[in-house]
Amino acid sequence: MKIFPENASSYGGEVDFIFWLITGVVAVASVIVIFLLLYPVLTRRRKLTKTQRYQKGEGFRNLRLIYLGILLLAIADFFFLYKEGPTWTKIEETLPDKEFHVAIIGRQWLWEIVYPGPDGKLYTADDVKKINQFYMPVNSVVHMDIQSYDVIHSVFIPNARFKQDALPGRNITRWVKMTKTGTFPLSCAEICGIGHANMKATIIVQNKEDFKKTLTKLYKK
Amino acid sequence: MEKIKKLTWREIPQARLAVWTLIAGEFVIFGGLIVMYILNRLKYESWGEMAQHTNVWAGTINTFVLLTSSYFVVKAHEAAVHKNKAQIKKWIWLTIVCAFMFLGIKSYEYTHEIMHGFTLPGKHLVAEGLGVESRYWSFYYTMTGLHGLHVIAGALALFFVMRNVTKTDKNYQRIEAAGLYWHMVDIIWIFLFPLIYLIH
Amino acid sequence: MNTHKKHGFWHRYFFSLDHKDIGFQYMLTIFFMVSIGGFFAYVFRMHLAFPDMKVPLFGLVTNKDYNMLITNHGLIMMMWLALGMLLAVAGNFLIPIMIGTDDMAFPKLNKISYWIFLLSVILMIASFFMPKGGLGVGWTLYPPLSVGDFGYNTPYKSFADRFFTANTFVLLAIAFEFTSLLMGGINFFVTTLNKRAKGMSLLKMPMVVWMINIANLLFMFSVGPLVAGTFMLLLDINVGTGFYDAYRGGDPLLWEHLFWFFGHPEVYVILLPPLGILAEIISVNSRKPLFGYKFILTLTLIAAVLSTMVWAHHQFVAGIDPRAATVFSIFTIIISLPFAGIILAYIATLWKGDLRFTLPMKWALGAVALFTLLGGFTGLHLGASVFDIYAHDTSFVVAHFHYTLFPTVIFGSFAAIYFWFSKFSGRKLNQTLGNLHFWLTFIFFNGFAFPLFLLGLAGQHRRIADYRQFEFLMQDPLPLYRKIATISAVILILSQFIFLFNFIWSLKRGKKETEDNPWQANTLEWQTSSPPPHGNFKVYPVVNYGPYEYNRPDKDKDFTPQNEI
């Protein structure tokens with residue numbers, strides 16, 4: 001049974017790893033908690049008057065096991081943070097050198113993908129606009145300028161483990177590098193009105209030669 | 001003079017405790033608004049030009065009116081301690097007159113500003129390409145308007161408390177509670193006045 | 001001390017000043033709201049599993065209907081059920097009687113709070129019937145969507161067009177509800193500080209009184225900016241002030257910050273009162289003192305302070321600075337520590353105890369188990385900002401917050417109702433029906449919420465009316481999960497009718513409660529008659545013992561009421 005959709009981006013695997021890491025640690029912790037809960041529930045069912053202790057749990061000595069529990073969780077917590085930090089920096093805080101640059105502009109209820117024209121620069125007169133079709137070369141860093149005309153949208157590419165809200169009045173640049181060719185879904189993950197459910201685009205990842213052909217075809221139109 | 005002694009929680013009069021809690025709540029509300037305004041103000045320097053269109057003189061007079069009214073409320077409280085009904089009546093009516101003066105001056109200002117085209121949706125300004133600046137007036141009207149509502153609420157509270165006290169000859173501690181609220185209204189204005197009127 | 005008088009219907013349900021009657025008024029109003037919220041949940045769950053079906057009692061669900069249903073389900077459950085039940089109802093019923101006094105500090109203010117609450121409910125219901133239909137923008141009300149087509153760039157609309165919209169009415173309803181809760185909160189706070197029974201020092205108060213008050217203060221602190229924000233959003237819609245209008249330099253993110261600066265502490269506002277309720281029930285039914293009273297209190301205060309510093313974890317991918325997100329991620333993950341301590345202290349109370357598996361205890365244990373294992377632990381997943389990139393706004397989040405809120409709000413409320421019902425009504429709830437209700441709720445809640453985790457991991461994003469347009473979400477076994485979730489949710493909702501029947505029937509015809517203290521509990525509410533008279537106590541109690549003195553070595557019986565000499 002598959003849990004995640006197929007991973008097709010350079011950093012997707014790291015996101016999945018964080019999930020499995022936390023799930024693994026949490027599973028161990030769950031077993032402990034289940035034992036701690038079930039043991040008294042199963043063994044102390046009957047009326048055992050006066051065998052119980054009058055424990056008020058005051059002072060460090062009486063609370064030491066709880067402090068140990070908190071300490072263990074703290075270690076686990078900081079381990080997660082230590083592990084996820086570099087991935088977060090990589091995905092969100094840094095921008096590797098771009099090989100291709102597009103703008104994704106959300107509007108009710110479609111995605112406009114703006115490709116640079118033959119001059120190779122975005123935001124010039126010869127830009128080409130496509131609706132809901134996002135062509136991208138495989139194994140190359142693609143910068144996405146995420147914007148919105150009207151309300152808040154959110155670019156969600158499940159196969160790349162990527163998500164970023166598109167806000168009106170802001171340009172947010174993020175990157176993605178797809179490692180597999182094929183078509184992948186891109187959906188809007190932030191409610192944006194009646195057509196929210198219909199707002200989706202297709203990502204078409206092509207090898208570099210096909211992508212060049214596609215681009216020339218786009219320019220001809 | 002009363003002897004000052006430390007009160008335990010249980011000895012604090014209920015009304016005073018409740019009004020202090022209410023004041024804390026109000027400060028968070030206005031605090032949020034003021035922080036948002038300051039952040040915007042730092043971001044857009046052009047708001048300073050808009051601030052020059054406010055009537056600083058009217059604002060200054062209003063500040064004095066409110067400060068004077070606070071003095072009257074203190075006097076009313078003093079009268080309440082001595083359970084002097086005539087004095088309470090006098091000082092609270094003076095406070096309410098101050099509240100009306102404040103509101104009167106404020107509406108004069110509003111009229112003046114609206115006549116100069118600084119209206120709330122700011123259509124005029126947006127048409128001139130001053131969309132960002134039009135939001136200065138959004139903040140101006142929202143903050144002073146919300147404060148104005150508090151002035152009305154405070155005056156009403158003072159009026160009803162005074163009527164209750166003079167009619168029933170008890171509940172004198174309520175004068176203090178309503179007075180505390182009035183002081184808060186005053187203090188909020190002291191924050192708003194320089195932020196809105198004085199920083200160009 | 002007041003004498004007990006029989007009052008007519010209007011007096012009891014509308015004009016009463018008694019805290020128990022006002023609590024009951026709140027409770028009935030909230031039951032009414034929940035039935036609407038539950039009905040909405042039923043409709044949209046049915047639509048998700050069987051998209052072409054005409055949902056019985058509703059009809060075909062369009063995208064517009066769907067958005068409206070999910071929005072109002074969220075708003076009703078968060079704002080009216082959770083906040084109302086745990087602050088207003090629990091506070092009204094429990095605070096005065098548990099601290100051993102006759103009523104609130106300001107009974108009239110209490111009555112007015114309820115009226116304002118009722119007004120907010122009426123406004124909320126009215127919003128469904130506005131000319132353009134109910135509100136469909138998600139319960140978080142993010143502008144510019146929630147400003148609707150009233151932004152500056154649209155042609156002028158008359159004031160009536162702007163005012164008589166669901167947007168305006170919902171915001172007014174929320175504003176009035178906050179006002180009501182703030183007034184109630186001031187009342188609770190003053191009552192607790194000022195009207196405690198003689199001898200009841202702050203550290204002899206029952207944990208639930210502490211928790212409700214901490215929750216209230218947290219609420220009062222965090223809601224202020226959102227009150228201002230709501231006012232600004234109302235003005236944006238009705239007058240065009242443009243606070244959130246990006247084309248005039250405003251910032252939609254501002255609302256997100258204001259909303260979540262309240263919204264995240266709100267989660268703890270909701271969580272703390274049930275934690276207090278669980279403390280009472282677990283301690284009574286384990287016949288042991290609550291383990292680490294001061295420890296739990298300290299951790300709660302720490303968590304309350306921390307909770308105001310984590311709000312932006314709802315916005316990791318919303319366009320905030322990624323470096324800021326790291327800070328919030330750290331705080332978010334750290335906040336798991338105090339709660340781990342509290343839960344472990346509860347478990348320590350169970351150990352070596354003399355457990356009684358009464359109905360309230362079952363609800364309490366169920367709540368602890370589900371909240372910790374599936375609610376709390378998945379919070380770590382989402383608090384880790386990297387995985388949140390993927391899981392944000394997917395069903396994983398939906399499952400997570402249902403696992404945190406349902407066990408605390410619903411299980412906690414039921415635990416409280418099964419625990420205190422006989423005290424306040426003088427009659428017992430039917431135990432067989434109660435057991436049936438518990439097990440059905442427990443099983444089918446899991447059946448409903450667990451598949452959502454798997455759906456979320458498969459990439460199912462939230463608030464989508466029809467998943468058939470997304471091929472990857474229609475692969476096996478995802479539609480099956482959706483069906484399991486829906487069928488479980490429907491059974492879950494149906495099984496609440498067992499409770500409703502039990503509640504109404506027991507109120508009128510249930511077995512009379514003969515004992516004053518059926519659970520052999522220590523706290524003061526059990527030391528008066530059931531139901532308590534108007535004024536709660538025949539003789540005001542004087543407190544000598546802490547609230548959890550079970551099995552004191554120097555006593556023969558295994559409990560020591562707080563007012564025992």
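Among the two pairs of chains that touch, which has the most contacts?

## Contacts between the chains

In this predicted model, the pair with the most contacts, among the two pairs that touch, is chains A and C. That contact draws 70 residues from chain A and 74 residues from chain C. On the side of chain A that touches chain C, two or more residues come from each of α1 (12–43), α3 (64–93), β6 (153–157), β7 (162–166) and β9 (182–188) of chain A. Of the elements of chain A, α3(A) contributes the most to this side, with 14 residues. Sorted by class, the side of chain A that touches chain C holds 39 nonpolar, 14 polar and 17 charged residues.

Chain B also touches chain C: 27 residues of chain B are in contact with 30 residues of chain C. At least two residues of the chain B side are supplied by each of α1 (14–43) and α6 (131–168) of chain B. The largest share of that side, 13 residues, belongs to α1(B). The side of chain B that touches chain C is made up of 16 nonpolar, nine polar and two charged residues. Chain A and chain B, by contrast, are joined by no contact, and their closest C-alpha atoms lie 12 Å apart.

Chain A is divided into domain 1, covering 12–93, and domain 2, covering 100–220. Between the C-alpha centres of these two domains of chain A there are 42 Å.

A:Ile104 is found in strand β1 (residues 100–107) of chain A. Is A:Ile104 buried or exposed? A residue counts as buried when 20 or more other C-beta atoms lie within 10 Å of its own; A:Ile104 has 22 such atoms within 10 Å and is therefore buried. Apart from its neighbours within four places in sequence, A:Ile104 is in contact with A:Trp111, A:Ile113, A:Met144, A:Ile146 and A:Val155. A:Asp119 stands 15 residues from A:Ile104 along the chain, and the C-alpha atoms of the two are separated by 19 Å.

## Chain B: a helical chain

The secondary structure of chain B consists of seven helices and zero strands. Read from the N terminus, its elements follow the order α-α-α-α-α-α-α. The C-alpha trace of chain B spans about 60 × 35 × 25 Å along its principal axes.

Chain B has 200 residues, of which 37% count as buried. Considering contacts in chain B between residues at least 6 apart in sequence, 78% join residues at least 24 apart.

## Chain C: two partners of helix α8

Two packed helices are described by the angle between their axes and the distance between the axes. In chain C, the axes of helix α3 (residues 63–98) and helix α8 (residues 252–286) come within 9 Å and cross at roughly 45 degrees. This angle makes α3(C) oblique to α8(C), and the crossing is left-handed. On the α3(C) side, C:Ala82, C:Leu83, C:Leu86, C:Leu87 and C:Ala90 take part, meeting C:Val269, C:Ile270, C:Pro273 and C:Pro274 of α8(C). The contact of α3(C) with α8(C) comprises nine nonpolar residues, with no polar and no charged ones.

Helix α8(C) also packs with helix α14 (residues 395–425) of chain C, at an angle of about 40 degrees and with the axes 9 Å apart. These two helices, α8(C) and α14(C), are therefore oblique to each other, and their crossing is left-handed. From α8(C), the residues C:Ile270, C:Leu271, C:Pro274, C:Ile277, C:Leu278 and C:Ile281 meet C:Leu405, C:Thr408, C:Val409, C:Gly412, C:Ala415, C:Ala416 and C:Phe419 of α14(C).

## Chain C: helices α11 and α12

At what angle do the axes of α11(C) and α12(C) cross? Helix α11 (residues 336–350) and helix α12 (residues 359–383) of chain C cross at roughly 160 degrees, and their axes come within 12 Å. That angle makes α11(C) roughly antiparallel to α12(C). The crossing of α11(C) past α12(C) is left-handed.

In this pair, C:Ser336, C:Phe339, C:Ile343 and C:Tyr346 of α11(C) meet C:Val368, C:Thr372, C:Gly376, C:Gly379 and C:Leu380 of α12(C). The residues of this contact between α11(C) and α12(C) comprise five nonpolar, four polar and no charged.

Key. Residues are numbered from 1 along each chain as its sequence is written. Chains are lettered from A and ligands numbered from 1 in the order in which they are written. This is a predicted model: local features need pLDDT of at least 70, side-chain atom pairs count only at pLDDT 80 or more; totals for chains, interfaces and linings use all residues. Two residues are in contact if their C-beta atoms, placed from the backbone, lie within 7 Å. Helices (H or I, at least four residues) and strands (E, at least two) are DSSP runs, numbered from the N terminus. Ala, Val, Leu, Ile, Met, Phe, Trp, Tyr, Cys and Pro count as nonpolar, Asp, Glu, Lys and Arg as charged, and the others, Gly among them, as polar. A residue is buried if 20 or more other C-beta atoms lie within 10 Å of its own, exposed if 12 or fewer, and partly exposed in between; C-beta atoms are placed from the backbone. Domain bounds come from an automatic or database domain assignment. Axes are lines fitted to C-alpha atoms, for helices over the stretch in contact, and angles run from 0 to 180 degrees between N-to-C directions. Angles under 35 degrees count as roughly parallel, over 145 as roughly antiparallel, 65 to 115 as roughly perpendicular and the rest as oblique. A crossing is left-handed if the near helix is turned anticlockwise from the far one by less than a right angle, and right-handed if clockwise.
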